[in-house]
Amino acid sequence: MYRTYTFPIYPQNETKQFIDDTFEELHSLIVQQVSNDLKLESNKIVKAKNVPMSSNRHIYSLSSMIVKHKRYGYDQFQNLFIKQKKHAYFHFVNFTISSEISLRSRNGKLFKTPYRMTEYVKTRVLSGHLVSIKIFKKNQKYLASVLIKHKPSASSGEYKAGLDIGIKVPAVLSTENGSIRFYKGGKIRRYLISKQISLLKDSKIQLTQKLKVSRKLKNLDHKISSMIVKDLIKLNVKQLNIEDLKYIQLNKTAQLQSSWSYERLQRFIIYKCESTGIEVKKVDPRFTSRLCPKCKRHNQAYKRIYSCVCGYQHHRDVVGATNIMNR
Ligand SMILES: [Zn+2]
């Protein structure tokens with residue numbers, strides 16, 4: 001799995017000059033690309049001296065964004081040039097980190113810069129495989145983001161578990177050794193989802209207000225997924241089964257509109273599981289809410305309580321999670 005770590009760097013003298021020159025060049029490359037695009041000569045090759053090859057995509061995407069704004073006459077167009085200068089960055093793939101960061105320029109020259117990392121970040125960065133480094137500027141400060149590939153450490157757990165993600169209760173966990181956990185937050189989550197859907201439809205509402213709601217929802221999903229993974233470790237889980245969302249039939253419009261929220265919560269859980277070494281398996285969830293985990297008869301839950309003639313009785317979502325575990 002991949003992770004990025006961001007920290008400040010303090011380039012001096014020659015290195016500072018090199019980085020500043022590269023930013024200047026990047027800016028002029030984007031300007032040149034935009035003018036080419038507007039003249040519809042986008043095939044013209046722009047030659048770079050400093051800017052690394054890997055930045056070409058960044059140049060094209062920024063320039064096409066600017067061109068789009070100009071073509072459609074969006075009113076934010078004036079600010080875009082200033083903004084893109086602020087958000088400019090470039091990647092190096094040829095670099096090393098020891099007591100200093102060494103960057104190798106396009107023509108092979110080596111530049112060194114001091115950096116500052118917390119002890120934790122340093123251990124994480126140096127224990128993984130360095131993929132690339134991104135240099136950018138924020139409030140006149142130089143920052144670096146390193147992309148690291150980590151080998152996941154295998155989980156020391158021994159049990160299987162199943163997780164049922166739902167609307168009323170965001171998630172229910174059932175484990176092989178008989179533990180059951182309900183994760184709260186369904187009410188606030190439903191409220192935020194419906195609010196976000198209605199806000200997105202309204203073009204008069206400010207973007208900042210829309211972002212506020214979506215940030216709240218994202219934070220909630222991070223909280224729920226962290227709690228789940230914490231419990232998985234505590235309960236000694238080795239493998240987590242979750243629903244393969246491609247099988248889920250969303251009939252009601254409300255469910256269809258919130259399907260992205262399932263997908264994201266699931267994505268957060270998978271990501272956190274993988275970073276702690278817990279294996280995740282996606283399973284076919286069909287009939288998991290009807291099947292009796294004990295005798296395999298099919299029953300319908302009544303008022304969220306599921307009971308079977310064989311004597312098995314439980315909350316409906318526990319049945320779902322247990323069946324997902326058994327798949
Ligand atoms: Zn039964």
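**Close-up views of a predicted model**

View A. Strand 6 (residues 129-138) is joined to strand 7 by 9 bridges in the antiparallel sense. This is a predicted model. Ile133 has Val146 of strand 7 as its bridge partner. The hairpin that strand 6 and strand 7 make has 2 residues between the strands, and Asn139 in this hairpin has a positive phi near 45°. Strand 7 (residues 141-149) also pairs with strand 1 (residues 2-8), again antiparallel, over 7 bridges. Here Arg3 lies opposite Ile148 of strand 7.

**View B. Ser63 is a buried residue of helix 2.** Helix 2 covers residues 56-72 and includes Ser63. Ser63 counts as buried because it has 23 C-beta neighbours inside 10 Å, where 20 or more are needed. When neighbours within four places in sequence are left aside, the contacts of Ser63 are Ile30, Gln33, Val34 and Asp37. Leu38 is 25 residues from Ser63 along the chain, and their C-alpha atoms are 9.8 Å apart.

**View C. The domain assignment gives two stretches, domain 1 (2-149) and domain 2 (159-326).** The centres of domain 1 and domain 2, taken over C-alpha atoms, are separated by 39 Å.

**View D. An open sheet of 5 strands has the order 10-9-8-11-12.** Its pairing is mixed. Strand 10 (180-183) and strand 12 (279-283) are the edge strands, and each pairs on one side only. From one strand to the next, the twist averages 20°. Helix 9 (residues 316-326) packs on this sheet and touches strand 8 (159-165), strand 9 (171-175), strand 10, strand 11 and strand 12. The direction of helix 9 makes about 135° with that of strand 8. Strand 11 (residues 237-243) and strand 12 run parallel and are joined by 5 bridges. One of the bridge pairs is Leu240 with Val280 of strand 12.

**View E. Helix 5 has a buried side and an exposed side.** The 16 residues of helix 5 (residues 186-201) should span 22 Å at 1.5 Å a residue, and the end C-alpha atoms are 23 Å apart, which agrees. Arg189, Leu192 and Gln196 are buried in helix 5. These residues cover an arc of only 65° around the axis, so they sit on the same side of helix 5. An α-helix has 3.6 residues a turn, so residues three or four places apart point the same way. Lys187, Ser198 and Lys201 are exposed on the other side of helix 5. The buried residues of helix 5 pack against helix 6 (207-234).

**View F. Helix 8 has buried residues on one face.** For the 18 residues of helix 8 (residues 259-276), 1.5 Å a residue predicts a span of 26 Å; the end C-alpha atoms are 26 Å apart, which agrees. Ser261, Leu265, Gln266, Ile269 and Cys273 are the buried residues of helix 8. Seen down the axis, these residues fall within an arc of 130°, so they line one face of helix 8. They pack against strand 8, helix 5, helix 6, strand 11 and strand 12. Ser259 and Trp260 are exposed on the face of helix 8 turned away from its buried side. Gly277 follows helix 8 and has a positive phi, near 90°.

Conventions
Residues numbered from 1 in each chain as written. Predicted model: local features only at pLDDT ≥ 70, side-chain atom pairs only at ≥ 80, totals over all residues. Pairing = 2+ DSSP bridges. Helix = DSSP H or I, 4+ residues; strand = E, 2+ residues; numbered from the N terminus. Axes fitted to C-alpha atoms, helices over the stretch in contact; angles between N-to-C directions. Contact = placed C-beta atoms within 7 Å. Domains from an automatic or database assignment. Expected span 1.5 Å × (residues − 1). Buried ≥ 20, exposed ≤ 12 C-beta atoms within 10 Å, placed from the backbone. Arc of directions from axis to C-beta.
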